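Welcome! Let us take a walk through a structure that may be new to you, one part after another.

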Amino acid sequence: MTMAVLKRTIVFWVFWLVFQIGLFWAGFFKQKMDPGLATLNRLQWSVWTSRGAGLNLAVTSALLMVPMCRNTMGLLRRTPLGRILPFDEGIFFHKVCAYTVLFFTVVHTTAHYVNFFNVQLKLPALKLKAWQIHYTTWGGATGHVMAVAMFFMYTAAAMRMRQQSFEAFWFTHHLAIVFYIGFFFHGYGCFVKTADGHCRPYYSWSYALFVCTIYVFERLLRVYRGRQPTSIERVIMHPGNAMEIQFNKPSMTYAPGQWVFINLPEVAPLQWHPFTLTSCPEERYASVHIRLVGDWTKNAARVLGCMDEKSTRDPRSVKLRVDGPYAAPADRAFDYDNVICVAAGIGVTPFASVLKSLGFRAKTDPDLVLRKVDFFWVNRDKQAFEWFQAELRSLESMLPSQLLQYHLYLTEKLGLDAIHNYCLNAAGADFDPITQLRAQLQFGRPDWEHELAKVRDRVLAANVGVKRKLRIACFFCGPAPVARALRDACIVLSNGQVDLDFFKEHF
Ligand SMILES: Cc1cc2nc3c(=O)[nH]c(=O)nc-3n(C[C@H](O)[C@H](O)[C@H](O)COP(=O)(O)OP(=O)(O)OC[C@H]3O[C@@H](n4cnc5c(N)ncnc54)[C@H](O)[C@@H]3O)c2cc1C
């Protein structure tokens, strides 16, 4: 990790810790210093601690839902706020909030267990037994229900579980409904009140209710959008285990690089899977490219007649539902004048859309800001290049290399015969024998710092005398180790004259 990355990470965590500690002390002292709560304060540390952690839970449980309001986040992302806040890191923030909630739940619950036994032992005047508070009060009963819901949600959300059974994760995550209903009623019975019966709540429910209302509205919007007329036009099976669905949805407008949720009721009526749009808005139809990796994608291919060459099923008769589009980092590509797109394998999908749109806009848009795209595509096997071969070929012939430059890499180890054949066919040929493109294929893994430095130096050389600071965007879609290498390279190569902004797509 470079110093700059370390600095950014430290700033975030210091801010988060200070914020959480601040909340805790605010809740703690609000309880401790309240003369009206003198009787309850005889319980001392346990009640102060439970109230401190209670305030953390009140605020963080509301924040937890914020990144899940994807449509609202997508709208805010296009405002000036989008320049300050990392809206593309929503899932990371959701996880940070979730772990914070887990930590303070343990603190809050432990402190309350101590409270309840102490109420029985130290405050006999209240005539309450510990078990009564645990199970018969609103606070105790809803607290236990929330803890059980959390247990299932958190265990099913573990990375291994999600990879093994995404459905188990997805359905158990809906226990969030139980969690939030418990949350709204947690303070209802008014456990914390003054001697004359006045309640001293944090109004926890109100923060979460606000965000949950937006979320519910968004879910309804999803249902509505998903039901708008949509029809499949064509389904194509590509080499390398990828299926393309071309469809028509007149009500949908989108920007290049965005993604949608796809549902095939015949495969699984309740499952919605995210896929990036590989078409561009200028095209007549929309499309997605789907790699067949698991149960749903393989069943989808079967239903659409792609698994069986003899299938006579007309895919146009299959019902398709599409919800979206949703914002993604690559939809900022046209805001920059120099862009680097790096794709690994099926991670090419967001850039297919960006590059195709560039092909149209270069001819029709006189205000096009984007001057040059360097497109890197790294594939493990030769067949993968065929997914977008036709499109890449037409773009290569349509756009000058000053506007679009390909850098294609194959990481597969070739046998001696294959190398021999390649060399024979490549010598003097206009097109690369594997990719059928003019750009020559390179073998092995790219040295990212070296490649990005070449782009940066070229941009600097082309902008000598320009006073403003130059900005290059580097978009990436693929596995985490490459993302780290690129992010570090962007930070190392940024200097007083040029910033390399790094964006990662989350598949
Ligand atoms: C924003 C986004 C864009 C994507 N774009 C593409 C694309 O253009 N082309 C492509 O081939 N793939 C894309 N994916 C991945 C694709 O959604 C999964 O490969 C697909 O859902 C796998 O489903 P499965 O049941 O066949 O496989 P499984 O074997 O069940 O799952 C394979 C992997 O996909 C993940 N996954 C499964 N279901 C879902 C789901 N409903 N939502 C999110 N992740 C899931 C699992 O965590 C697992 O790691 C994208 C994912 C995201 C989040």
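First, a word on what you are looking at. This is a predicted model, in which local features need pLDDT of at least 70 and side-chain atom pairs count only at pLDDT 80 or more, while totals for chains, interfaces and linings use all residues. Residues are numbered from 1 along each chain as its sequence is written.

Let us begin with the record. An unreviewed UniProt entry lists "transmembrane region" for residues 9–28, 48–69, 90–113, 133–156, 168–188 and 200–217. UniProt positions use the numbering followed here, feature names are shortened, and annotations may be inferred rather than shown by experiment. How does the model look in two of these spans? Residues 133–156 are 96% helix and 0% strand, with end C-alpha atoms 30 Å apart. Residues 168–188 are 71% helix and 0% strand, and their end C-alpha atoms lie 32 Å apart. Helices (H or I, at least four residues) and strands (E, at least two) are DSSP runs, numbered from the N terminus.

Now to the ligand. Around the ligand there are 21 residues, of which Phe166, Gly294, Trp296, Thr297 and Thr349 come nearest; a residue is near a molecule if its C-beta atom, placed from the backbone, lies within 6 Å of it. Helix 8 (159–164), strand 4 (273–276), strand 5 (286–291) and helix 12 (295–303) each give at least two residues to this shell. Why does the ligand lie between two domains? Both domain 1 (3–224) and domain 2 (231–326) supply shell residues, so the ligand lies between them. The domain bounds come from an automatic or database domain assignment.

Next comes a stretch that the unreviewed UniProt entry calls "domain: FAD-binding FR-type", at residues 225–332. Over these residues the chain is 10% helix and 33% strand, with 24 Å between the end C-alpha atoms.

In the order 1-2-5, 3 strands form an open antiparallel sheet. Strand 1 (231–238) and strand 5 each have a single partner strand, so one side of each is left without a neighbour in the sheet. Two strands count as paired if DSSP finds at least two bridges between them. Strand 2 (residues 242–248) and strand 5 are joined by 6 bridges, and methionine 243 has isoleucine 290 of strand 5 as its bridge partner.

The other sheet is parallel: its 6 strands form an open sheet in the order 10-9-8-7-11-12. At its edges are strand 10 (442–443) and strand 12 (498–504), each pairing on one side only. Strand 8 (residues 372–379) pairs with strand 9 (residues 404–410) over 7 bridges, where phenylalanine 376 has histidine 407 as its partner. Strand 8 also pairs with strand 7 over 7 bridges, and asparagine 338 stands opposite lysine 372 in strand 8.

We end at alanine 333, in the loop between strand 6 (321–326) and strand 7 (338–344). Alanine 333 counts as buried because it has 25 C-beta neighbours inside 10 Å. Its C-alpha atom is 9.2 Å from that of valine 373, 40 residues away along the chain.

How values were computed:
Buried ≥ 20, exposed ≤ 12 C-beta atoms within 10 Å, placed from the backbone.
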